[in-house]
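Here are my notes on the model you sent over. Have it open while you read.

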Amino acid sequence: MNQYIKRLTAAQAIVECLRNAAIDKVFCVPGESYLPVLDALYEEKSMDVIATRHEGGASFMAEGYGKATKKPGVVMATRGVGAANLAIGVHTAYQDSTPMVVLLGQVHSKFRGREGFQEVDLDRFFQPITKWATEVKDPERMPEIMERALRTAQSGRPGPVVISLPEDVLKEVREMQFYQAFQVPRPAPSAAEMNQVEEVLRTAKKPVIIAGGGIKSAGAEAALQQFAEQYHLPVAVAFRRHDVFPNDHPHYIGHLGLGANKDLVRIVQAADVVLVLGSRLSEVTTQDYSLLGPEQKLIHIDMDAATLGKVYPAHLGIVADCREALKVFHQRAPSFQIPWKQWTKDAHAFYEQSSALDYDESWVINQKIIYELLAHLPDSAIITNDAGNFASWMHRFYRFKQKDTYIGPTSGAMGYGLPAAIGAKLAQPDKVVVSLSGDGGFMMTSQEIETSIRCGVPIVSIVFNNNMYGTIRMHQEMHYPERVVATDLGNVSFSKLAQSMGAAGVTVASAADFKTALQKALNRETTTVIEVITEKEEISAGKTIQSIRDSKK
């Protein structure tokens, strides 16, 4: 192993480790507690420091950047106040299995335990939502801790790590020992395990694949397609993992998300063998943990041993990298006659029926917007989104045809779409990047429009404005019909807000006007916010407020 020694400050050692890991973007809100790190970054020309308007925006950008690059998104903030603000992005990285390294300034070591200015026990604060959280006490250990953080963030099930940095430690000069960048382990299944999988498939009549984020982390999209074609298997995707399998492929059967199509749920529940590839089988994917039953044989393949059996006991649980596992499958052709080809064909037909977009003038504007996006965006465009009912039209009707074209929060975080789009555009500057937000979520991080303008990161931000917190209003109507409280919002001109920060802004109330606005936005070299006026009554892709109320009478 290559190793070398340098005499550096602990802050300089941090930057040295980031450079060795090929990190080229760092997101932050600056703070005096970690000024030595910022000063060390000033000297490092291979890295861009992206200063944002809020720590929550910084962490969402880093998380979106991490999803788009599969490298750790690096984010920095100061002490307890900045750390608390960015916690939402850390939680998102944890639930979404996104590699992230969080560097937090901390009070002087001599002040710890006295409730110093902005003091929070940061490693304890973040422990439940990180893979590892620690505080550096010995300056000479900085390379060791940084290299462990980078390795932990990327190995197994990826996720966030947090390092607390007392300000006095950062200034100390020591002889620092560095090692070469590590390689992410890619374990493969054993021959015996593959024989067991084939034996289960040999007896299957109605098998189904559920493909999750482990496919993305492993870069296994092509291998998954080869495997599905070789074994003629139907493929459903886990919540907000749309792009792990081409949505226009004849083996694709749909998205197991919020409000999943009832035919898709029925198909998965009718399967006798369920092959889960790289999914933690979340609450949403499993439809409140009701999707699978004990009579089904579950084959679960995942990089993280702790994931296996956590939600459902597996008939076969295999710790392996998804790409390596699928490679083994591809190398050994099926040794039996496949009896489920018609099952796969029928399952795909149900998806086609439920997601068809044959234009109809009677559609609500949200559905027409998805039609126009499909008509005018290149297949390589990246879509990001906030949490909110506006996304139900995207989940149901938008077709992701290429890998690495969707970035969304499985954590359900509001305010995610805009900053994640900025992070994605920084990672993939040659791609068109479009964010979808509701007015509630957009307002939470709208200040990051200024970041996109200042840093020259052009995106298209679409805001569906119905003047309310729509998802909560829907549940309010379901459980407490007509008792509306706390979900109505005031009037904000998001197009004018965008213009005030230097972006282009336009408000539309029809699909025709949206089409024109979108075409102009795609030809601009600056950020455009398109505010779409929508009706409160059209609460989701499958419900209206009145239909919910009528169902309760």
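1. Ground rules. This is a predicted model, so to speak of local features I need pLDDT of at least 70, side-chain atom pairs count only at pLDDT 80 or more, and totals for chains, interfaces and linings use all residues. Residues are numbered from 1 along each chain as its sequence is written, and side-chain values use heavy atoms, with hydrogens and water left out.

2. Helix α11. Which residues of α11 (262-270) are buried? They are L264, V265, I267 and V268. Buried here means under 20% relative accessible area, with exposed over 50% and partly exposed in between, using a 1.4 Å probe and protein chains only. Helices (H or I, at least four residues) and strands (E, at least two) are DSSP runs, numbered from the N terminus. Looking down the axis of α11, the buried residues fall within an arc of 160 degrees, so they line one face of the helix; the arc is that of the directions from the helix axis to the C-beta atoms.

3. What sits over that face. The cover on the buried residues of α11 includes strands β9 (207-211), β10 (235-237), β11 (252-255) and β12 (273-277), along with helix α13 (341-355). Contact, throughout this note, means heavy atoms within 4.5 Å. At the start of α11, a side-chain oxygen of N261 comes to within 2.8 Å of the backbone nitrogen of D263. For a polar contact the rule is a pair of N or O atoms within 3.5 Å; within protein, one must be able to donate a hydrogen and the other to accept it, and residues adjacent in sequence count only if both atoms are side-chain atoms.

4. Helix α12. In α12 (322-331), the buried residues are C322, E324, A325, L326 and F329. They pack against α8 (191-202), α9, α10 (221-231), β12 and β13 (297-302). At the start of α12, a side-chain oxygen of D321 reaches to within 3.1 Å of the backbone nitrogen of R323.

5. V197, from the α8 side. V197 is found in helix α8 and is buried, with a relative accessible area of 0%. Leaving aside neighbours within four places in sequence, V197 is in contact with I299, L316, I318 and F329. V197 and I299 are 102 residues apart in sequence, yet their C-alpha atoms are 7.4 Å apart.

6. The second largest pocket. About 540 Å³ of space lies in this pocket, and 34 residues line it, with S97, P158, G213, G214 and S217 nearest its centre. The elements giving two or more residues to the lining are α3 (55-69), α4 (79-96) and α9 (213-218). Which of them gives the most? That is α9, with five residues. The lining divides into eight nonpolar, 16 polar and 10 charged residues. On the terms: Ala, Val, Leu, Ile, Met, Phe, Trp, Tyr, Cys and Pro count as nonpolar, Asp, Glu, Lys and Arg as charged, and the others, Gly among them, as polar.

7. The cavity. A search of the whole structure finds one cavity of 30 Å³ or more. The largest cavity has a volume of about 70 Å³, and its lining includes L374, Y398, F400 and K401. By class, that lining has six nonpolar, one polar and three charged residues. On a 1 Å grid over the protein atoms alone, a cavity is a set of points where a 1.4 Å probe fits but cannot get out, a pocket is an open set with protein on both sides within 12 Å along at least five of seven lines, and lining residues have an atom within 4 Å of a point. Grid points are joined across faces, edges and corners, and a volume is the space filled by probe spheres set on the points.

8. P166. This residue lies in strand β7 (160-166) and counts as buried at 1% relative accessibility. Beyond neighbours within four places in sequence, P166 is in contact with Q106, V107, S109, E135 and V136.

9. E477. Buried or exposed? E477, in helix α19 (470-479), counts as buried at 1% relative accessibility. Outside four places in sequence, E477 is in contact with E482, V484, I545, I548, R549 and K552.
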